[in-house]
Amino acid sequence: MSKRLFRLATWRAHRREKPNTEVVRNGQPDEGIGAEAPIRKASEDRLRRAEFAARIADVLSELSLREGRVFAIRGGWGFGKSSLKNLITEQLNDKSSGADWLDFNPWQWGDGDAIASALFGQIANSLGGEHSKAAHDRAEALRRYGAILTGVGKPLKEAGGSGHLISMVLTNASVLAIASAIGYGLPTVTKVAAVLAFLSVGIPFVGRVLSYLGRDHTGESLDKIRSSLEARLRELDRPLVVFVDDIDRLEPEQIRMLLRQVKANANLPNIVFVLLFQPSIVERALDPVAANDGRAFLEKIVQVSFDLPAVPASFVHRMFKEELSEIAGSYATEANGFSQRRWGNACIGCIQPLLRNMRDARRLISSIAVHMPLHVVGHVFEVNIVDFLLLETLRVFEPDLHDALFRERELVLQEMRFSSDGRREVDQAAAKELLETVSEQRRNIISNALKDLFPPLEWAFGGTRYADGFNRQWLTEKRVCTSRYFPRYFELQTSVGEMSERRFFDFLEATATEGELLAAITALEADGLLGSLVARLDESVDRLPFEHAAVLLPGMYLLAEKLAGTDSGSFDSSYVAAWRATNWYLKRIPEDVRGALALEALRKTEALSVASLLIHLSDPTDRNEGERGVFDPSLDYNTVVAMKTEWLRLIRLRAADGDALIAEPDLISLLYRWKNYTDSMDEPREWMNKAIQTDQGFATMVTRLMSRGSSHTYGDWVSTQHNSFNKETINDFIGINLAKAKCDAINPAQFPEHEESLRTLLWYLQGWLGLRENDAFDF
């Protein structure tokens, strides 16, 4: 694994100093994600802009202004305008004879009038001082001038004009108060109504008084007031630099209003406006008032522009990888699906093209930092690290597509698809629709990401069509393209009924000792996770430690035995996964000890069901002619013979132990294995005859021999349950005629828990003997 791509490190988020709310731990500022936060000091400057900021600060500090100036810092969103502003103000603070400065953000003030009023108010506050009468007078002059320009009387007049509405509301409230006062004394109701009525009459009057007071009554012209203000501003020892940030976040009308105010006051002495914006947005906002030439209009306002120094994409990408290494590097391991080749392709081909600037990089880093801990349990990462990073990239930059992937699970995983189902064209069209949620210029990038994330669907984007055999590899790598892991990436937790990666890891560690392993199996069984466990063993057999075979192999026997008889006819059942994993695990154990360990595991666990299957899979005498060419036994023939001998010893002991054998969940299969291993029906039939001598014994055996299943016909939303008996089984172990005679001699109602199975068997027996007149009987 290359440390250049993914250096192993521990978590460290960006440090961001927050004004007035900074928390200090161990002498350092509190750490946080802060994906959008600009830097605040030169020590945080990673783009080497501090020298550029110092030069701008020198220019601003050296100005000797009889008239004001308007400068601009131009750059796109996310390219660092606010960070550069903070570097400049840091330089201004360090200069003993530099300029004063004010940071004004119009975005937080709402409508246009509020923005203009706030601008003059904050400038006045900056110039007011605390003890100087001259400074106080200067501030008052500026406030007075700003109030006239922004029309302070307008909102007050609106208050007066709304008197009719307020009067109506209050009058109605008076009526409601009186109407709802049943049960109260009349004097109280009268007082309430009187107060409300007075307010309804008085509000319009108060509004008119406020409107009157809001007017300018000095009789002085605006020019005279401005001249007085200019004289006071010339008395300043140092200019005031007003940084106006986030202009490009305003509505077009607000942008026009703000720039009109700046233009009208651009020549106030010792006031320097520094506007920060993205040129294209501001120019478009000015087009309607500048004959569609907003750029020319803007040039009349701004005297000098500073364009942000270019940041090469390679620098952004390098910074992203460095910060990603610090956050996620410790999880970049082979166990988490990391490989240099795949990560390099994903990073260069799918992630880096979407990182246009540092804001993009920090937005992605922020999302990764937030969501990564949700996939970490202890020291185990629950999903594939490369898939996780690609999906986080889609979450940040293509959220609509990210949402669509979860809705289109069957499509992207190609679940329930068969070569003959004719869905190829439909799926290809659906895949195309997925890409249409993405802007056209990004479709090639996103298409590559989807092909990497979901190999089963790659063919629909013009790529490879993968065979089913790849699914095991994807499961081992914890890929999102598998049905087991897909929900974890989107639901951000392990699905109900699924064991976590951490718990599976703990299980593997528990295989070192018998006590720990049995405790782990018991805990998983209590939590209903045995099915998930054996599925993981089946999928991850290469991860099972063969050096612990003396402990793990008996444990796997026990697991399979616990699941025997549960949907054993289904190829994807938990029982099938359990014995299949056991057989594959046997093949990993060195041949010189394999047979002895398999035989010892049988003696220790007495697991008849799984042992009979392992014998079957390795028994050359149990093969059909066509199967012998592909025969790949786990056990040698001598071991097979020895295991058959031990198996017969164990089943005879169980048969002699009262009802122990009848309780076996896989009873029918065991009876046929007994017959095969002795080459005779004598022993199993003898045991059966003893077991059904009593009516209770017969009723119990009938229930054990009955098969329960379900059917689902076209158009049904639910399945239909049905019970059945196999004629050959009944005839082999009981006999048709004997079974019929016993059924006739028993009253099923006397055995409530077996009544259904007794009646079902009788119905089948009548059919087999040709005694049934009506077949329309549903069990």
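**View 1. Surroundings of Trp647 in the predicted model.** Leaving aside neighbours within four places in sequence, Trp647 is in contact (heavy atoms within 4.5 Å) with Leu602, Leu608, Ala611, Ser612, Ile615, Leu670, Arg673, Trp674 and Tyr677. The model is predicted, with local features requiring pLDDT of at least 70 and side-chain atom pairs counted only at pLDDT 80 or more, whereas totals for chains, interfaces and linings use all residues. Residues are numbered from 1 along each chain as its sequence is written, and side-chain values use heavy atoms, with hydrogens and water left out.

**View 2. The largest nonpolar core.** A nonpolar core is a set of buried Ala, Val, Leu, Ile, Met, Phe, Trp, Tyr and Cys residues joined through side-chain atoms within 4.5 Å; buried denotes under 20% relative accessible area (1.4 Å probe, protein chains only). The largest such core has 85 residues, of which Phe507, Tyr557, Trp647 and Trp687 touch the most other members. Helix α25 (residues 549–563) supplies the most to this core, nine residues; helices are DSSP runs of H or I with at least four residues, numbered from the N terminus. Another core, of 65 residues, lies apart from it and includes Ile327, Ala369, Ile385 and Val396.

**View 3. Packing of α27 against α29.** Helices α27 (residues 591–605) and α29 (residues 637–656) pack with their axes 10 Å apart, at an angle of about 5°. Axes are lines fitted to C-alpha atoms over the stretch in contact, and angles run from 0 to 180 degrees between N-to-C directions. The two helices α27 and α29 are therefore roughly parallel, the term for angles under 35 degrees. Gly595, Ala598, Leu599, Leu602 and Arg603 of α27 meet Thr639, Ala642, Met643, Glu646, Trp647 and Leu650 of α29. The contact of α27 with α29 comprises seven nonpolar, two polar and two charged residues.

**View 4. Packing of α15 against α16.** Here α15 (residues 385–397) and α16 (residues 399–407) have axes 5 Å apart and an angle of about 125°. From α15, Leu391, Leu394, Arg395, Val396 and Phe397 meet Pro399, Leu401, His402 and Leu405 of α16.

**View 5. The buried Lys478.** Lys478 is found in the loop between α20 (470–476) and α21 (486–491). Lys478 counts as buried because its relative accessibility is 2%. Its side chain joins that of Asn336 in a polar contact of 2.8 Å (a pair of N or O atoms within 3.5 Å, one able to donate a hydrogen and the other to accept it; residues adjacent in sequence count only if both atoms are side-chain atoms). Beyond four places in sequence, residues touched by Lys478 include Phe381, Glu382, Tyr485, Tyr489 and Glu501.

Note on methods: Buried means under 20% relative accessible area, exposed over 50%, partly exposed in between (1.4 Å probe, protein chains only). Angles under 35 degrees count as roughly parallel, over 145 as roughly antiparallel, 65 to 115 as roughly perpendicular and the rest as oblique. Ala, Val, Leu, Ile, Met, Phe, Trp, Tyr, Cys and Pro count as nonpolar, Asp, Glu, Lys and Arg as charged, and the others, Gly among them, as polar.
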